[in-house]
Amino acid sequence: MTDVHSKAVRSKNMAAIKDRNTVPEMLVRGALHKAGFRYRLHVTTLSGKPDLVFPRYKAVIFVQGCFWHQHQCAMFHWPKTRTEWWRQKISANRKHDEAVQDKLRELGWRVMLVWECALKGKHKVPLQQLTLDIAHWLRHGSSFMELPFA
Ligand SMILES: [Zn+2]
């Protein structure tokens with residue numbers, strides 16, 4: 001049997017899989033569900049396959065790993081080996097993220113990024129507070145928002 005995926009497509013798929021159903025994502029999902037919000041998961045028809053989609057609020061949430069998406073925070077460090085490879089990889093991720101967000105906003109979706117560091121590590125935000133912030137944004141928020149607040 002031949003492998004129909006090119007190497008590039010396959011590594012893209014691997015990256016996507018790694019990013020889904022992570023512990024931080026499950027925390028956000030559980031808390032919002034408990035707060036009464038209903039959402040769709042990993043909607044493949046939308047650019048970037050947002051982790052959570054709230055059609056009623058015309059809003060999407062991405063739960064992002066600080067390393068893979070180069071968050072400006074203490075959880076991001078450039079690896080000490082294969083630095084050039086990592087630079088290319090991470091900067092491609094960032095470009096992809098920006099293109100995805102632009103496309104979604106062009107279609108009238110509001111976009112929120114919930115970074116991993118809001119959910120774990122020493123700077124994490126209490127889940128209850130985070131849930132309130134997300135709920136407030138869903139109901140009244142602007143077209144773009146990041147948590148923790150920059
Ligand atoms: Zn971070």
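This is a predicted model: local features need pLDDT of at least 70, side-chain atom pairs count only at pLDDT 80 or more; totals for chains, interfaces and linings use all residues.

Student: Where do I find Lys120?

Tutor: Look in the loop between β4 (110–115) and α4. Lys120 counts as partly exposed because it has 13 C-beta neighbours inside 10 Å.

Student: OK, let me zoom out. How many helices and strands does the chain have?

Tutor: The protein chain has four helices and five strands. Reading from the N terminus, the order is α-α-β-β-β-α-β-α-β.

Student: What share of the chain is buried?

Tutor: Of its 150 residues, 23% count as buried. As for contacts between residues at least 6 apart in sequence, 61% of them join residues at least 24 apart.

Student: New topic: α3. What is the distance between its end C-alpha atoms?

Tutor: They are 34 Å apart. Helix α3 covers residues 83–106, so at 1.5 Å a residue its 24 residues should span 34 Å, and the model agrees with that.

Student: How many of the residues in α3 are buried?

Tutor: Two of the 24, so α3 is hardly covered.

Student: What follows α3?

Tutor: Gly108 does, and its phi is positive, near 90°.

Student: Which residues other than glycine have a positive phi?

Tutor: His42 is one of them, with phi near 45°. Gln70 is another, and its phi is near 50°. For background, most residues other than glycine have a negative phi.

Student: Where does His42 lie, then?

Tutor: His42 is in the loop between β1 (40–41) and β2 (52–54). With 15 C-beta neighbours inside 10 Å, His42 counts as partly exposed.

Student: And where is Gln70 found?

Tutor: Gln70 belongs to the loop between β3 (59–64) and α3. Gln70 also counts as partly exposed, with 17 C-beta neighbours inside 10 Å.

Student: Switching to helix packing. At what angle do α2 and α4 pack?

Tutor: Helix α2 (residues 23–34) and helix α4 (residues 127–140) pack at about 70°, and their axes are 10 Å apart. That angle makes α2 roughly perpendicular to α4. The crossing of α2 past α4 is right-handed.

Student: Which residues make the contact?

Tutor: From α2 they are Leu27, Ala31 and Leu32, and from α4 they are Leu127, Thr131 and Ile134. By type, the contact of α2 with α4 has five nonpolar residues, one polar and no charged.

Student: While we're at α4, is Arg139 buried or exposed?

Tutor: Arg139, which has its place in helix α4, is exposed, with 10 other C-beta atoms within 10 Å. Arg139 and Tyr57 are 82 residues apart in sequence, yet their C-alpha atoms are 6.9 Å apart in space.

Student: What about Gly141, where is that found?

Tutor: Gly141 is in the loop between α4 and β5. Gly141 is partly exposed, with 16 other C-beta atoms within 10 Å.

Student: Which residues does Gly141 touch?

Tutor: Leaving out residues up to four places away in sequence, Gly141 touches Arg110 and His136. Gly141 and Ala59 are 82 residues apart in sequence, and from C-alpha to C-alpha the distance is 9.5 Å.

Student: Great, thanks for the tour!

Key. Residues are numbered from 1 along each chain as its sequence is written. The expected span of a helix is 1.5 Å times one less than its number of residues. A residue is buried if 20 or more other C-beta atoms lie within 10 Å of its own, exposed if 12 or fewer, and partly exposed in between; C-beta atoms are placed from the backbone. Axes are lines fitted to C-alpha atoms, for helices over the stretch in contact, and angles run from 0 to 180 degrees between N-to-C directions. Angles under 35 degrees count as roughly parallel, over 145 as roughly antiparallel, 65 to 115 as roughly perpendicular and the rest as oblique. A crossing is left-handed if the near helix is turned anticlockwise from the far one by less than a right angle, and right-handed if clockwise. Two residues are in contact if their C-beta atoms, placed from the backbone, lie within 7 Å. Ala, Val, Leu, Ile, Met, Phe, Trp, Tyr, Cys and Pro count as nonpolar, Asp, Glu, Lys and Arg as charged, and the others, Gly among them, as polar.
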